[in-house]
Amino acid sequence: MSRLSQEPKTVIGWAHGVLAIVGAFGLAYLCGTSLSALLWGDMAERIFPSMFLFPLLVCGFGFWLLFSKNLLHVTLKIVLMALLNACIIAFV
Amino acid sequence: MLAKSLRFKFLHRSHTIIGLVVLFLFYMSTYFGTLTFFMPYLKVWESPSRHFVPLAEHAFNIDLLLGELLEKQHLLSSKPVDITLPSFRDPLLKLSSESQNSLYLNPLTNEVIKLSKEENLISTFFNELHTGVVIPLIGMPLMGIMSIGIVFLTLGGFGSTFISTRRRRDQKRAGKAGGFRGIKSWGLGSFPTRLCLLAREPFWA
């Protein structure tokens with residue numbers, strides 16, 4: 001721990017954290033929606049995989065957004081991922 | 001991607017803050033959840049109609065009365081009738097049918113019991129505290145979000161343990177650290193899991 005305490009202070013703050021949490025939930029929702037759009041079958045078959053994957057997706061996106069250098073990187077990741085999902089939902 | 005040295009710090013800080021927020025609500029849920037173990041007994045205690053000593057050997061004489069009761073309560077139709085036998089959850093015998101009021105009988109005397117004024121206020125209140133319904137509007141979704149937070153904390157906890165152990169191993173190889181710290185951190189990390197496994201052990205047999 002003594003080595004860790006000598007490292008430069010990190011810039012993670014409330015804005016970074018809140019953006020990561022909100023972004024993780026939003027992206028997980030979008031990702032689940034696009035997964036449902038990619039699947040075929042009746043309503044239950046399309047919705048169930050997204051439903052079960054949602055908590056894991058939130059955590060995955062949470063870690064991904066958390067490990068960003070600054071706020072710009074977080075925003076960029078959210079926007080690009082949202083665009084990708086929007087394309088999948090729109091064109092499938 | 002973030003520098004390796006900062007990953008542990010980010011994980012550690014997010015783990016602390018999210019852990020504090022999540023555990024505040026989970027403590028409430030777990031505390032009142034332990035009381036819901038006693039839910040059937042509380043329900044029986046709350047209802048005066050169930051205050052009788054059940055027989056050790058049940059020999060239901062409901063067959064003698066069933067036809068008469070079904071006819072009297074207009075339950076004789078094409079719809080199936082459910083008969084729920086007395087148990088520790090509910091010592092009364094229950095007859096129910098679709099779109100009909102359920103009928104409760106005392107299994108000792110076959111007496112039809114009116115339950116219109118009996119409400120399970122206390123047990124319902126504890127259950128609402130457990131599920132978070134007492135928090136208006138956002139209670140139950142909040143509990144769902146907290147569950148996702150627990151998944152995050154679990155994965156993050158394992159991640160940070162893995163990072164710190166690997167860091168310690170590297171330091172040890174470079175001759176900068178003492179012997180047992182890595183083992184100690186793994187031991188602490190796996191302690192809740194071992195506790196859960198230990199608690200579940202009696203149920204495996």
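Of the 92 residues in chain A, 26% count as buried, where buried means 20 or more other C-beta atoms within 10 Å of the residue's own, exposed means 12 or fewer, partly exposed is in between, and C-beta atoms are placed from the backbone. Keep in mind that this is a predicted model: local features need pLDDT of at least 70, side-chain atom pairs count only at pLDDT 80 or more, and totals for chains, interfaces and linings use all residues. Residues are numbered from 1 along each chain as its sequence is written, while chains are lettered from A and ligands numbered from 1 in the order in which they are written.

**Chain A**

Chain A has four helices and zero strands, so its elements read α-α-α-α from the N terminus on, with helices (H or I, at least four residues) and strands (E, at least two) taken as DSSP runs numbered from the N terminus. Among its contacts between residues at least 6 apart in sequence, 72% join residues at least 24 apart; a contact here puts the two C-beta atoms, placed from the backbone, within 7 Å.

Now for helix 4 of chain A, residues 71–91. Its 21 residues reach 30 Å from first C-alpha to last, close to the 30 Å expected at 1.5 Å a residue, the expected span being 1.5 Å times one less than the number of residues. A:Val74, A:Ile78 and A:Asn85 are buried in this helix. Seen down the axis of helix 4 of chain A, the buried residues fall within an arc of 45°, so they line one face; the arc is that of the directions from the helix axis to the C-beta atoms. Their cover includes helix 2 (14–38) and helix 3 of chain A. On the face turned away from the buried side sit exposed residues, including A:Leu72, A:Leu76, A:Val79 and A:Phe91.

**Where the chains meet**

13 residues of chain A are in contact with 15 residues of chain B. Helix 3 (residues 43–66) gives the most to chain A's side, with five residues. Here is that side by class:

| Class | Members | Residues on the chain A side |
|---|---|---|
| nonpolar | Ala, Val, Leu, Ile, Met, Phe, Trp, Tyr, Cys, Pro | seven |
| polar | the others, Gly among them | four |
| charged | Asp, Glu, Lys, Arg | two |

**The sheet in chain B**

Over in chain B, four strands form an open antiparallel sheet in the order 1-2-3-4, pairing being called when DSSP finds at least two bridges between two strands. Strand 1 (81–84) and strand 4 (111–113) of chain B are the edges, each pairing on one side only. Strand 2 (residues 93–97) and strand 3 (residues 103–106) of chain B pair over three bridges, and B:Leu95 has B:Leu103 as its bridge partner in strand 3.
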